[in-house]
Amino acid sequence: MPQRERLTLLDYSDREFLLLLEDVAEADGWADSEELAVRLDLKTRRSASQRLSWLARWGVVEKEHARDHTGNLRYHRDGKPMHTQRWRLTDAGRALAYGEIKARQRQALDRFGDEQLLELTRWLTGRTRDGGMATKLALREWKHGHGIR
Amino acid sequence: MGDGGRGMSDSNGASGRTPAELATRTHDAIERMAAELRELIAAEQAGRAEYERLVEESRTRERQLQKVLAGLEGQAPTKPGPKRSTKDWRVSDERVTAVWEAVQQVVAKSEDGTFISQHVFDVMYPGVSRETITKSVNVLRERELIRRVGTVRGGGIRWALMPGAEGQSVTDAAA
């Protein structure tokens with residue numbers, strides 16, 4: 001199978017992607033995007049880094065700061081911090097990758113019938129209207145689950 | 001003794017006709033009756049053909065009127081739908097459960113905790129098709145019991161269990 005140029009949401013859900021990042025992480029918890037690209041059979045690390053950058057915007061992954069030999073942070077001339085090519089999950093990302101809703105919460109959801117699903121969806125829409133991290137990730141989860149590009 | 005043989009002549013005493021003439025007349029009468037019957041049969045057939053033509057015309061008119069009625073009532077005209085593909089079927093929960101059990105067996109024996117659908121097929125063969133395995137694996141992914149972790153040479157997909165999925169039932173995951 002030829003190597004891929006790019007990666008779509010349908011290829012890997014965000015949860016799958018985050019768990020893969022954990023799979024290739026080194027002992028200190030950081031994972032090189034090159035390792036991730038190899039695992040994903042991508043031609044270059046660029047596609048993996050692009051998706052990691054988006055996930056970083058939503059706060060579920062973070063990029064490692066570059067440090068000098070004394071351990072101090074390194075900065076570009078414009079004052080922005082320098083980064084390595086290593087990434088790791090944040091607490092929010094870990095919750096997304098491993099999080100499970102509690103049995104009691106699941107049971108409550110199970111009690112919703114088909115006729116109440118529309119109301120529940122309306123509630124969910126209102127709940128995720130703020131445009132925050134949960135909104136973006138919920139919409140992406142919806143798209144992945146329904147095979148929407 | 002001179003006319004002793006007269007009584008043995010070919011003439012019929014009553015009508016004065018010979019047996020040969022009588023046979024000919026009888027034959028002619030049968031022929032006439034048969035001809036009349038054939039005409040009656042032909043007339044029945046022609047009549048029935050006419051009725052069949054009228055019935056077919058009536059059916060055509062009925063179909064045309066139904067179309068006009070459907071148009072008036074705002075119904076879309078009925079067209080033959082697309083042929084249902086044999087790929088449209090869904091795999092049953094029982095089958096998915098059986099595949100899920102096989103997946104867990106395969107993963108338990110796997111060195112790196114991953115599997116491909118061929119491994120599951122090998123465990124379950126015979127009695128299951130590759131398509132059933134493929135569809136079941138997709139259902140397991142939808143229910144977040146397994147996750148995609150890469151590809152294999154030749155185009156297959158490598159899978160692993162989702163964290164905490166081991167021992168979960170397929171129906172619980174569907175909820």
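Me: Where does Asp41(A) lie?

Reply: Asp41(A) belongs to the loop between α2 (33–39) and α3 (46–57) of chain A. Helices (H or I, at least four residues) and strands (E, at least two) are DSSP runs, numbered from the N terminus. This is a predicted model, in which local features need pLDDT of at least 70, side-chain atom pairs count only at pLDDT 80 or more, and totals for chains, interfaces and linings use all residues. Residues are numbered from 1 along each chain as its sequence is written, chains are lettered from A and ligands numbered from 1 in the order in which they are written, and side-chain values use heavy atoms, with hydrogens and water left out.

Me: Is the phi of Asp41(A) positive or negative?

Reply: Most residues other than glycine have a negative phi, and most peptide bonds are trans. In Asp41(A), phi is positive, near 65 degrees, although the residue is not glycine. For the peptide bond, consider Tyr125(B) and Pro126(B): they are joined by a cis bond, with omega about 0 degrees. Pro126(B) is found in the loop between α3 (117–124) and α4 of chain B.

Me: In what order do the three strands of chain A form a sheet?

Reply: Two strands pair if DSSP finds at least two bridges between them. In chain A the order is β1-β3-β2, an open sheet with antiparallel pairing. At its edges are β1 (31–32) and β2 (61–65) of chain A, each pairing on one side only.

Me: Which strands of chain B stand at the edges?

Reply: Chain B also has an open, antiparallel sheet of three strands, in the order β1-β3-β2. Its edge strands are β1 (114–115) and β2, each with a single partner strand, so one side of each has no neighbour in the sheet. Five bridges join β2(B) to strand β3 (residues 157–161) of chain B, with Gly150(B) partnered by Arg158(B). Across β2 and β3 lies helix α4 (residues 130–142) of chain B, at about 115 degrees to β2(B).

Me: How many salt bridges does the structure hold over all chains?

Reply: Side chains of opposite charge can pair when their charged atoms come close. The structure holds 15 salt bridges (a side-chain nitrogen of Lys or Arg within 4 Å of a carboxyl oxygen of Asp or Glu). One of them joins Arg86(A) and Asp28(A), at 2.8 Å from N to O. Arg86(A) lies in strand β3 and Asp28(A) in the loop between α1 and β1 of chain A, so this pair ties together parts 58 residues apart in sequence.

Me: How much area do chain B and chain A bury between them?

Reply: The size of an interface is often given as the accessible area lost when the parts come together. Here about 1,400 Å² is buried, 42% of it on carbon and sulfur atoms; the area is taken with a 1.4 Å probe and summed over both parts. In chain B, Arg147(B), Arg148(B) and Pro163(B) lose the most area to chain A, together 36% of what that side buries. The interface brings 16 residues of chain B into contact with 19 of chain A. Three salt bridges are counted between the chains, including Arg15(A) with Glu144(B) at 3.0 Å, N to O.

Conventions
Contact = heavy atoms within 4.5 Å. Buried area = accessible area lost by both parts, 1.4 Å probe. Axes fitted to C-alpha atoms, helices over the stretch in contact; angles between N-to-C directions.
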